[in-house]
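Please read them with the structure open.

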Amino acid sequence: MDDFDLATPGPSAAPAVPPLTDISIAFALLTYFAFAVLVLGLVIQTWRLLREIRRTPADPGSGSILGRLFRAGADVVLLRSVFFSDRWAWIFGAMFHFGLLLVLIRHLRYFIRPGWVGPLWDVIVLEQPFGFYGGMALPFGAACWWLRQTVLRKSRIVTDWADHAVMALLVAIPLVGYASTISHTDVVAVKAFAIGLVTFHWINIPTDPLLLTHLWLVAVLMVVLPFSRLLLLLPFGNLLHIESAPIASDAKRRSRLVYAFGPALILVLLAPLAIVGHHGIVHQDRPDFASLIADHRTDDPTMMIRNHPAFLFSHRTIVTHTGVGAPIDSMERCVTCHAVKNAAGQPVGFDDPSHFCRGCHNTAAVTIDCFECHQSKPAPGAQAALDSLPRSAIGTALKAERVAEQ
Amino acid sequence: MSSTSRRGILAAAAGIFASFTLAPGITLRAFAEQAPAVPGARTVRWGILIDTTRCTPECDACVTACNTEFNLTSNGRPRTDPQWIRKLTITDQASGHVTSLPVMCQHCSEAPCVDVCPTGASFQRPDGIVLVDKHICIGCRYCIMACPYGARNFVSELVDNQRPWGPRGKGTAEACTMCVHRVDAGRTPACVEACAASGNKAMLFGDLNDPDSEIAKRVATFPSAQIRADLRTNPAVRYEGI
């Protein structure tokens with residue numbers, strides 16, 4: 001299920017893809033740049049690791065290559081040697097690494113269309129709540145490990161500016177990410193932007209300040225990480241029980257790199273901020289609920305995408321406990337107006353992939369439990385009364401835009 | 001609208017951070033202020049008076065109407081099939097007199113199901129109707145055990161084709177809602193309507209607290225009883241002739 005229907009069926013307008021904004025272009029370029037720096041850094045470090053492995057003989061008595069690979073794998077995956085050397089470091093490290101793994105899997109939903117991975121998509125959908133809670137372990141583990149490193153000075157892993165910057169970013173990025181969850185970012189638009197990056201068909205980025213901060217910090221992290229010792233692959237040579245050559249010169253090499261590229265890096269990283277500061281960000285306030293009931297086709301078509309859970313959740317409590325406005329303002333009204341008809345002209349239920357709510361929620365990998373209890377189809381006869389209503393021009397344009405993105 | 005300006009002042013004072021973190025709560029509060037207090041007025045207490053002398057053992061119009069109203073269908077397993085209203089037949093062993101009466105949620109003012117609910121899902125509306133907020137029901141079934149009238153059901157199987165006005169789902173407790181969607185719209189419950197249509201006219205729906213209502217006058221004039229009155233649950237469903 002790849003496509004989704006945002007607007008009620010009506011006269012189809014020509015697909016109107018809005019022009020790219022400067023902020024979108026800046027963030028797209030920044031993301032490509034940061035990704036390139038990260039990949040390049042990893043490639044260089046892998047090459048250096050392989051060179052060391054080839055150059056130095058294995059320790060005598062360290063067993064076969066398979067056994068060494070297995071032990072190294074256990075070390076990398078389960079942090080085995082840390083477990084036996086420093087228990088607290090292992091606890092925080094495991095929290096951070098497994099939290100990060102869950103978070104990364106959760107974020108796959110932004111970069112993958114359901115149709116690309118087939119049944120694996122259901123795994124990503126299923127993983128979402130795990131990723132949500134794993135994301136809490138991530139900054140906690142990172143912050144505690146960072147504190148232990150700096151305050152207790154257990155080891156000298158975190159030393160220079162790049163290391164501290166990486167740790168600060170690892171703590172800050174999840175926190176900003178959670179904050180953007182609370183501010184109800186339009187995840188559908190975020191996904192459109194991310195898919196645009198993956199497929200090289202750029203789409204405008206939603207200008208939610210917290211989202212922009214989140215993405216910008218991630219880009220900074222990707223650029224800084226290769227300069228930090230925290231992503232140094234050379235120690236992995238030790239895991240394979242290979243006497244690696246002294247890496248004392250490494251620090252000097254890194255500092256030369258930083259001095260050479262530092263100013264340019266800072267300029268590139270600050271560019272999106274300058275553009276954002278120049279154009280400003282429109283903070284979209286929550287609209288009044290009463291006007292929403294009357295007509296939610298406001299000037300901001302993403303308003304309902306961002307806020308419909310809040311409206312539904314506050315409304316449901318009021319309606320359930322006091323009964324106010326039960327028939328007209330209920331979910332019955334939502335599913336009636338937004339009904340999608342099948343080939344036979346009948347409104348489809350939630351069991352149909354083209355159901356209005358299901359398509360979008362599946363695309364965004366957001367679970368929806370409403371229709372475990374609620375009826376997902378309009379009551380017989382209700383649709384006929386609504387068919388006479390004029391169609392929303394904004395809804396039709398929005399639908400065309402979404403279809404163009406797919 | 002005054003609430004809009006109030007909300008605006010609130011939002012301005014709280015700043016951007018607060019608007020991110022507190023906005024759902026503000027929306028909820030502003031919404032609650034707007035809510036008209038029509039059905040929730042404390043003076044109303046909806047009740048049903050059932051004249052068992054007019055209720056015949058062979059008639060099940062009320063049960064059928066309830067099943068139709070909420071699309072309560074059988075899964076072929078009577079022990080777990082949904083049943084919001086049931087007909088009881090009582091035979092006096094000494095005289096042989098047969099009494100038939102429908103029993104549904106009695107909408108007690110001191111409802112045991114509300115007392116035992118650990119999440120607050122089982123609640124009583126200000127107008128006396130006892131409901132389950134299925135959004136927060138965890139399906140623990142305490143209310144089913146606590147109800148002296150056996151009125152609460154547990155939804156054991158997946159539900160399909162719910163009525164738009166009657167959300168039902170597997171894993172939650174449910175019971176007669178006194179057709180709250182009809183009552184709020186100014187109509188009478190489906191069972192009462194069906195009973196009148198059947199010609200027996202054994203059921204009377206109205207506001208027990210309104211002295212001018214027919215039900216209040218009948219209750220004041222003729223003797224009526226609450227089932228298990230000794231439990232002092234004070235049901236809103238009363239019976240004549242038992």
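This is a predicted model: local features need pLDDT of at least 70, side-chain atom pairs count only at pLDDT 80 or more; totals for chains, interfaces and linings use all residues.

The points below take chain A and then chain B.

1. Local features are discussed only where pLDDT is at least 70. Totals for chains and interfaces use all residues.

2. **Domains of chain A.** Chain A falls into two parts: domain 1 covers 22-279 and domain 2 covers 289-405. Where they touch, domain 1 of chain A contributes 15 residues and domain 2 of chain A contributes twelve residues. On the domain 1 side, helix H6 (120-152) and helix H8 (187-199) of chain A each supply at least two residues. H8(A) gives the most to that side, with five residues. By type, the domain 1 side holds nine nonpolar, three polar and three charged residues.

3. **The bend in H6(A).** Where does H6(A) bend? The bend is at Gln128(A) and comes to about 40°. A proline, Pro129(A), follows within four residues. After the helix comes Arg153(A), which has a positive phi, near 55°.

4. **Burial along H6(A).** The buried residues of H6(A) include three tryptophans, Trp121(A), Trp145(A) and Trp146(A). Among the others are Gly131(A), Gly134(A), Gly135(A) and Gly141(A). Ala137(A), Leu138(A), Pro139(A), Ala142(A) and Gln149(A) are buried too. What covers these buried residues? The cover includes helix H4 (87-111), helix H5 (114-117) and helix H7 (161-182) of chain A. H6(A) also supplies at least two residues to the domain 1 side of the domain contact.

5. **Chain B overall.** Chain B has 242 residues, and 36% of them count as buried. Its secondary structure comprises eight helices and nine strands. Take the contacts in chain B with a separation of 6 or more: 60% of them join residues 24 or more positions apart.

6. **The sheet S8-S1-S9 of chain B.** Three strands make up this open sheet, in the order S8-S1-S9, with mixed pairing. S8 and strand S9 (237-240) of chain B are the edge strands, each pairing on one side only. From one strand to the next, the twist averages 20°. Strand S1 (residues 46-51) of chain B runs antiparallel to S8(B), and five bridges join them. One bridge partner pair is Trp46(B) with Asp207(B), the latter in S8(B).

7. S8(B) is an edge strand. Is strand S8 (residues 203-207) of chain B largely enclosed or open? Four of its five residues are buried, so S8(B) is largely enclosed by the rest of the structure. Helix H8 (residues 214-221) of chain B lies across S1, S8 and S9 of chain B. That helix runs at about 110° to S8(B).

8. **Asp160(B).** Asp160(B) sits in the loop between strand S6 (153-154) and strand S7 (173-174) of chain B. Why does Asp160(B) count as exposed? There are 11 other C-beta atoms within 10 Å of Asp160(B), and a residue is exposed if the count is 12 or fewer. Lys134(B) is 26 residues away from Asp160(B) in sequence. In space the two are 16 Å apart, C-alpha to C-alpha.

Key. Residues are numbered from 1 along each chain as its sequence is written. Chains are lettered from A and ligands numbered from 1 in the order in which they are written. A residue is buried if 20 or more other C-beta atoms lie within 10 Å of its own, exposed if 12 or fewer, and partly exposed in between; C-beta atoms are placed from the backbone. Two residues are in contact if their C-beta atoms, placed from the backbone, lie within 7 Å. Domain bounds come from an automatic or database domain assignment. Ala, Val, Leu, Ile, Met, Phe, Trp, Tyr, Cys and Pro count as nonpolar, Asp, Glu, Lys and Arg as charged, and the others, Gly among them, as polar. The bend at a residue is the angle between axes fitted to the seven residues ending there and the seven starting there. Two strands pair if DSSP finds at least two bridges between them. Axes are lines fitted to C-alpha atoms, for helices over the stretch in contact, and angles run from 0 to 180 degrees between N-to-C directions.
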